[in-house]
Amino acid sequence: MGNFRRVPVGIVGASGYGGVQLVRLLMDHPEVELVYLGGDSTAGKPFADIYPHLAHTVNLSIEAVDTEIIAHRCEVVFLSVPNGLACQIAPKLLEKGCKVLDLSADYRFSNLATYTAWYGKQRQDTDTAATAVYGLPELYRDRIAEAQLVGCPGCYPTASLLALSPLLKQGLIIPETAIIDAKSGTSGGGREAKINMLLAEADNSLAAYGVARHRHTPEIEQICSELAGHELTIQFTPHLIPMVRGILSTVYASLRDPGLVRDDLITIYRAFYRNSAWVKICDPGIYPQTKWACGSNLCYIGIEVDPRTGRAIVMSAIDNLIKGQAGQAIQCMNIMMGWDETLGLPKLGFYP
Ligand SMILES: NC(=O)C1=CN([C@@H]2O[C@H](COP(=O)(O)OP(=O)(O)OC[C@H]3O[C@@H](n4cnc5c(N)ncnc54)[C@H](OP(=O)(O)O)[C@@H]3O)[C@@H](O)[C@H]2O)C=CC1
Ligand SMILES: CC(=O)N[C@@H](CCC(=O)OP(=O)(O)O)C(=O)O
C-alpha cells in the first residue's frame, strides 16, 4: 500500500444549487475528500435533511461559517454563496494558506470600481482582489495553474465567452458589432424562493430580463476587451426560459473578411480548442441543444455564417450548474492542483 492521501476540501454554501452540485461531484473525485460543509440558515442540519436522496453518500452536517475551523480542516475551499460574501471570507482563508475558488462575482473583476458600479457593494479587499485569476480554463489555464484565488465566471459569461473568444482573439470580427442573445433555465436564479421562478409564473412563458443592464455585461466586456486589445461595449440580452437547467447563448458578429465561410470558422474553432477537452465543436449544419450538455461539464458550440449579412452566428450550449458553475470550479481546482483537468467531472449528460 502507498501513502495516498486525499486533499481535504470544503464548501461554503453547500445547501444551494451550486453547493449540492459540488457535493455530488466532489464525493466522486478521486483526489479529494469532502470534509466541511458550511452555510447560514441551514447551519446545524445534517446535509441529508436537506437532500435526503444523498443520505447514503454524504454523512456531514452543515456548519456555521468559522474561517479558523475551515482553514484548519481544508486545503481547498469552494465559496458558493451570494455576491458580497466571498470577499469577506476569502482573505482570511488565503492568509491561512487555503486555495480558494469563488463561484460568485466577487473576484471576477480586475477593476473593483466596475464591480462596485454594477453590484452596488463597496470593497475593502483590494489587495486580495488583485491576486485573483478569472477562472475560464479555456482562456486562462496557465494563470489558473499559478493561482491561490480563482474567481469563477458567471454562467452566461461562460457560454458567451466560449462562443465569442476565437473570433475576437483571431481578429476575425468587428468587435463592436457583437451581440449576445442568451437563454437560461430557472436554476440560474439559485434555490432561494422568488416569485418569478414559481412554476406557475415561469412555465409557458419566455421573456427577456435585465435588458441593457444585466450584471453579466461588464464581466463579458472585461474579457472581450482583453481579447480584442481595446475597451469594448457588448450588447447582451438574457432571457428566462421555462426549463430548469441549461443555457443557450447565440452570438452574432460581422466578419471582417466577407470571404470566410462556415467551414473556415469550424476549422479555426477546432484549432483554438484543440487542447480543451470540455469544448466540442459541432459538425457543419449541426446546432447545439441545451439537453446535450445537461448534467455534463461540456460546452457544445455550433457555427454558421450568413453570406447575405456577412455575420458569423455562433451558438453555445452548457449546463449552467456544471460548466456554468460547479463543474467549472472543479476544473479550475484540478488545474490549480496540477491534476488532469477532466478529473472527477461528468463527460456524459443525463439525456438521452
Ligand atoms: N445558479 C447558477 O446557475 C449560477 C450561480 N452562480 C453564483 O454562485 C453562487 C451560488 O449560487 P446558487 O448556488 O445558485 O445560490 P443558492 O441561492 O442556491 O445558494 C446560496 C447558498 O449560499 C449560502 N449562504 C447565504 N448566505 C450565507 C452566509 N451569510 N454565510 C454562509 N452561507 C450563506 C446559503 O446557505 P443556507 O441555505 O444555509 O442559508 C446557500 O447554501 C452565487 O454567487 C451565484 O450568483 C454562478 C454561476 C451559475
Ligand atoms: C436565470 C437567472 O436568474 N440567472 C441569473 C444568473 C446567475 C449567475 O450566474 O450568477 P452570478 O451573478 O454569480 O454570475 C441572473 O440572471 O441573475
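**Close-up views of a predicted model**

**View 1. The shell around ligand 1.** Helix 1 contributes three residues to the shell around ligand 1, the most of any element, where helices (H or I, at least four residues) and strands (E, at least two) are DSSP runs numbered from the N terminus. This is a predicted model, in which local features need pLDDT of at least 70 and side-chain atom pairs count only at pLDDT 80 or more, whereas totals for chains, interfaces and linings use all residues. Residues are numbered from 1 along each chain as its sequence is written, while chains are lettered from A and ligands numbered from 1 in the order in which they are written. Ligand 1 is surrounded by 33 residues, the closest being Gly-16, Gly-18, Gly-39, Ser-104 and Gly-190, with a residue taken as near if its C-beta atom, placed from the backbone, lies within 6 Å. Since domain 1 (7–131) and domain 2 (156–320) both give residues to this shell, ligand 1's shell lies between them; the domain bounds come from an automatic or database domain assignment.

**View 2. The surroundings of ligand 2.** The residues around ligand 2 include Ser-104, Cys-155, Arg-215 and His-216.

**View 3. Strands 1 and 2.** Strand 1 (residues 7–12) and strand 2 run parallel and are joined by six bridges, pairing being assigned if DSSP finds at least two bridges. Within this arrangement, Val-12 stands opposite Gly-38 of strand 2.

**View 4. Contacts of Leu-79.** Leaving aside neighbours within four places in sequence, Leu-79 is in contact (C-beta atoms, placed from the backbone, within 7 Å) with residues including Val-12, Ala-86, Val-100 and Ser-104.

Technical notes. Two residues are in contact if their C-beta atoms, placed from the backbone, lie within 7 Å.
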